[in-house]
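Hi everyone, thanks for coming. Let me put a structure up on the screen, and then we'll walk through a few of its details together.

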Amino acid sequence: MLCKVRSLGLQGIWGYEVTAECDLAGGLPNFDIVGLPDTAVKEARERVRAAGKNSGFAFPVGRITVNLAPANRRKSGTVYDLPILIGVLTASGQLDWSDPDCAFVGELSLSGTLRPVVGMLPMALAAREAGIRRLFVPADSAPEATLAQGLTVYPVETVGQLADHLSGRAPIAPAPVWQGEGETLPLPDFAEVRGQEPVKRVLEIAAAGGHNVLLVGPPGSGKSMLARRMPSILPPMTQKEALEATRIHSVMGLTSKDHPLLTQRPFRAPHHTISPGGLAGGGSPYPRPGEISLAHQGVLFLDELPEFHKDVIEVLRQPMEDGVVTVVRSAAVETYPSRFQLLCAMNPCKCGWYGHPSGRCRCSPLQVKKYLSKLSGPLLDRIDLFAEVPALEFADLADRTPGESSAAIRARVERARQIQQERYGPQGPACNAHMGQAELRQYCALDAESQALMEGAYEHMGLTARSYDRLLRVARTIADLEGSVPLRPEHLAEAIQYRESDYFPA
């Protein structure tokens, strides 16, 4: 007897429909799974057999063949355990049900209980697109599956519970759509930061427009402390942005039943020993998202930037421009979103004290030049704001007056982002940093005075076409923070000020 059970698979960060075709025939006992399965899928034979027996069913004796269609796509993971078991039990006459609009996903334990699976959100989204109306998933994965909406999600604890539901003896109540409770994770506050008001201004501009930042200063000046407070002033994600970011985190197993949806923008801070594959994505045989994709819609913080291997740093260049990264491996080619905001921190030299008034620097001019040369011109050209973080004076440390809170800064950032959303509309750029040439021409027009100022900066600083555009984007953000419609010379002058650096001349 043949039985077809609808299920779902995962490739990269995208789900797709899979049909488990289960055929029972006479002959010597045998259990084959075909359809390009990997080792985890092949091992489903033992999990399915034990789970069925321990749930009170008689596992059929004979030749069992399971085909996972489409057979030309590689199948990986443990999500096919449940549909295979349902197909085997139905084909052997132990389950009697018929519903072409439902699908099953889940990993089985040997006792017959269901374990959560990774990538539930992209699979649920694929189920909705495929016209599936009812989705049976492990109970711990149900909150994430409900985020797809448009589906009736049934949380399943055990195989026996599912069998009672399918037979009509004890229906399972559908899972309610998960409702977030807002931001629950505490974030460090800018009110705790002593001094460094110019740097706070730079980070406010960066948060308001989505710009890339490089902080340079001696050890202990507060670069990392300031950077780690960046999430506290970022605007909240839209529902679309949250689903995009959650899709990637779901595939990597970084969601849970209590927190199935990202409610805060991601903040990723990989160690400087990371490999190019760890940053951009990779793995064998199937490539997985890297840190730049996990930082999608959020911040990628690279502390001690020159300590990263040069080939790792250069990986950033193309994703920073395109917002996507394509990972090519022998088994697959995957394209992952990588629209992140780059935030970097570094010392001005190997010992960290170059240019400090105390004269503590032990590095020769050649060593300083060699240290700074680790950062290529094309990478620096993609950074919008350069901020020097000086060592704090004693008076700043002794002052116990709290600084401006993150809530106050964030309010200004959100007002600026609201202006940008109204300006570009739902189909336009998400923020000023993503403006294309059409938006630059329309919203960054310069008057005669600003044009003369930009011409002088272009010639004096040796700007490129890319850095010219980035200056305009930063100036547009400064104007938005002030609520100004036209770009005025003072907005442009402030943007030019943040482009210059004693360590990295523009």
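Here's a question to start with: is Arg488 buried, partly exposed or exposed? Before I answer, please keep in mind that this is a predicted model. Arg488 is partly exposed, because its relative accessibility is 31%, and partly exposed covers what falls between under 20% for buried and over 50% for exposed.

Now look at the partner of Arg488. Glu482 forms a salt bridge with Arg488, and their closest N and O atoms are 3.2 Å apart. Glu482 is partly exposed too, with a relative accessible area of 46%.

Arg382 forms a salt bridge with Glu321, with 3.6 Å between the closest N and O atoms. Where do these two sit? Arg382 is in the loop between helix 15 (377–381) and strand 18 (385–388), while Glu321 belongs to helix 13 (residues 317–322), so the pair ties together parts that are 61 residues apart in sequence. Arg382 counts as buried, because its relative accessibility is 8%. Glu321, at 35% relative accessibility, counts as partly exposed.

One more pair before we move on. Arg317 makes a salt bridge with Glu314, and here the closest N and O atoms are 2.5 Å apart. With a relative accessibility of 29%, Arg317 counts as partly exposed.

What lines the largest pocket? There are 28 lining residues, and those nearest the centre are Lys240, Glu241, Glu244, Gln297 and Ala430. Two elements give two or more residues to this lining, namely helix 9 (239–251) and helix 17 (406–424). Helix 9 supplies the largest share, five residues.

To recap, you've now seen a buried arginine, Arg382, in a salt bridge with Glu321, and a largest pocket to which helix 9 gives five lining residues.

Key: Residues numbered from 1 in each chain as written. Predicted model: local features only at pLDDT ≥ 70, side-chain atom pairs only at ≥ 80, totals over all residues. Heavy atoms only, no water. Salt bridge = Lys/Arg side-chain N within 4 Å of Asp/Glu carboxyl O. Buried < 20%, exposed > 50% of the residue type's maximum accessible area, 1.4 Å probe, protein only. Helix = DSSP H or I, 4+ residues; strand = E, 2+ residues; numbered from the N terminus. 1 Å grid on protein atoms, 1.4 Å probe; cavity = no way out; pocket = protein on both sides within 12 Å on 5 of 7 lines; lining within 4 Å.
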